[in-house]
Amino acid sequence: MSPLALTALIFGIMLLLMAIRTPIAISMFAAGAIGYVLQAGWLPLAYFLNTQSFARFASYDLSVIPLFILMGHFATQGGLSRALFEFASAVMSRFRGGLAMASVMACAAFGAICGSSVATAATITSVALPEMKRHGYSGRLATGTLAAGGTLGILVPPSVPLIIYAILAEQNIAKVFAAAMIPGIIAMVGYMIAIAIYVRLVPGHAPDRDDDDAPKLTLAAVRGVTPIAIIFLLVFGGIYGGFFTPTEGSAVGAAATFVAALLKREITWPKFKHCFYATAEGSAMIFMIFLGADLMNAALALTQVPAQLASVVGSWGLSPVAVVSAILLFYVVLGAVMDELSMILLTIPIFFPMVMGLDFGMPSESVAIWFGIMVLMTVGFGLLAPPVGLNVYIVNGMARDIPIGESYRGVMPFLASDVIRTLLLLFFPPISLWVVQFVG
């Protein structure tokens with residue numbers, strides 16, 4: 001069997017297994033195992049699994065993943081989301097579409113202590129959706145806003161996909177986090193501008209004013225978000241101040257979030273146990289995807305097709321920006337069948353060396369960090385775009401009276417904002433790299 005045919009077989013097996021609802025980790029593992037055995041045999045496969053499993057999971061850097069996940073669960077179960085939404089509502093209530101804008105702000109702030117797109121969307125939706133309905137927002141605008149706002153959970157650091165990218169690309173996690181800060185702010189502001197334009201161009205989806213019955217900016221509202229601000233400053237101030245590493249910062253953040261949840265008196269014993277169970281489930285899922293992706297990438301490496309693909313692309317004489325644009329378009333298509341973690345784990349070992357071989361006129365570290373931010377933004381696009389859009393399904397599942405078609409229409413203004421932001425950062429990399437220069 002030719003290398004190209006074998007590569008097609010590996011991907012075909014993976015997609016077939018995914019189509020019959022086999023977990024993605026198992027789909028990649030099975031496809032990779034079959035491809036590896038066909039090329040090297042059973043004994044080399046057993047040796048690979050014996051050595052690679054330990055080499056992958058013995059990495060100290062991986063401990064940052066369960067700790068940031070635990071931090072997010074403490075924030076979710078501790079009732080910190082309601083305080084965020086009430087504060088944001090009080091600040092934005094005087095604007096038309098203010099509650100929708102407040103939802104975006106709350107998603108961005110919650111993402112700074114959560115790191116998960118799905119968790120951010122689900123948590124803020126549980127608080128914001130009833131309020132938006134009560135104030136007369138259409139189901140289209142409400143669900144579209146919350147689905148889009150949820151994607152900020154993986155763009156605003158700390159972000160689990162960002163951590164995984166940094167580990168795969170062997171980049172400094174603190175610098176990757178720093179590079180995501182300005183794009184995260186641009187994403188939040190872009191979504192708020194999209195809301196402001198939409199409620200004026202398409203009347204009837206939001207009330208003229210929200211401030212008649214919206215929360216007021218009081219000392220209690222400020223006091224409610226103070227613990228969240230302290231956690232953010234403690235974690236990132238400690239990391240960038242050189243007091244501790246990102247891994248140590250994740251432990252400090254988890255402990256601080258737990259204390260904040262205790263002070264709010266919303267973390268019961270069942271919720272406390274749920275945080276650890278959910279962290280164990282999420283971490284196990286991620287680590288299994290790691291192993292499946294490692295095996296599949298090893299099988300693809302044996303075919304030599306990724307290396308040949310890189311040389312072929314190089315021989316085309318395309319500009320580096322054109323190559324990256326094609327990769328990002330591929331991520332948009334791939335987002336219809338895979339989640340963000342699987343996409344990153346499967347494709348980065350293939351695309352990263354290809355991108356690093358191109359001349360962007362920047363230091364290699366800057367190229368690696370910038371490419372990671374571009375990939376993450378495109379992955380976020382896949383969380384919204386039809387025909388799948390995981391965030392749309394999550395939010396729509398919590399608003400069963402709203403047809404999913406309405407939710408898809410609701411995310412269109414935000415997808416337009418995503419396109420503009422992606423093009424801006426694609427052609428002007430210094431926007432995302434400016435903060436990195438201040439990180440030692």
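Visitor: Where is the place of P158?
Guide: This is a predicted model, where local features need pLDDT of at least 70, side-chain atom pairs count only at pLDDT 80 or more, and totals for chains, interfaces and linings use all residues. Residues are numbered from 1 along each chain as its sequence is written, and side-chain values use heavy atoms, without hydrogens and water. Helices are DSSP runs (H or I, at least four residues), as strands are (E, at least two), numbered from the N terminus. P158 sits in the loop between α9 (152-155) and α10 (160-168).

Visitor: Is the peptide bond from P157 to P158 cis or trans?
Guide: Look at omega for this bond. With omega near 5°, the bond from P157 to P158 is cis.

Visitor: Is E170 buried or exposed?
Guide: E170 lies in the loop between α10 and α11. Buried means under 20% relative accessible area, exposed over 50%, and partly exposed in between (1.4 Å probe, protein chains only). The relative accessible area of E170 is 71%, so E170 is exposed.

Visitor: How far apart are the end C-alpha atoms of helix α18?
Guide: Helix α18 (residues 364-382) has 19 residues. The expected span is 1.5 Å times one less than the number of residues. That gives 27 Å, and the model agrees: the end C-alpha atoms are 27 Å apart.

Visitor: How many of the 19 residues of α18 are buried?
Guide: This helix is mostly covered. The number buried is 17.

Visitor: How many disulfides does a search of the whole structure find?
Guide: A disulfide here is a pair of cysteine sulfur atoms within 2.5 Å. The search of the whole structure gives 0.
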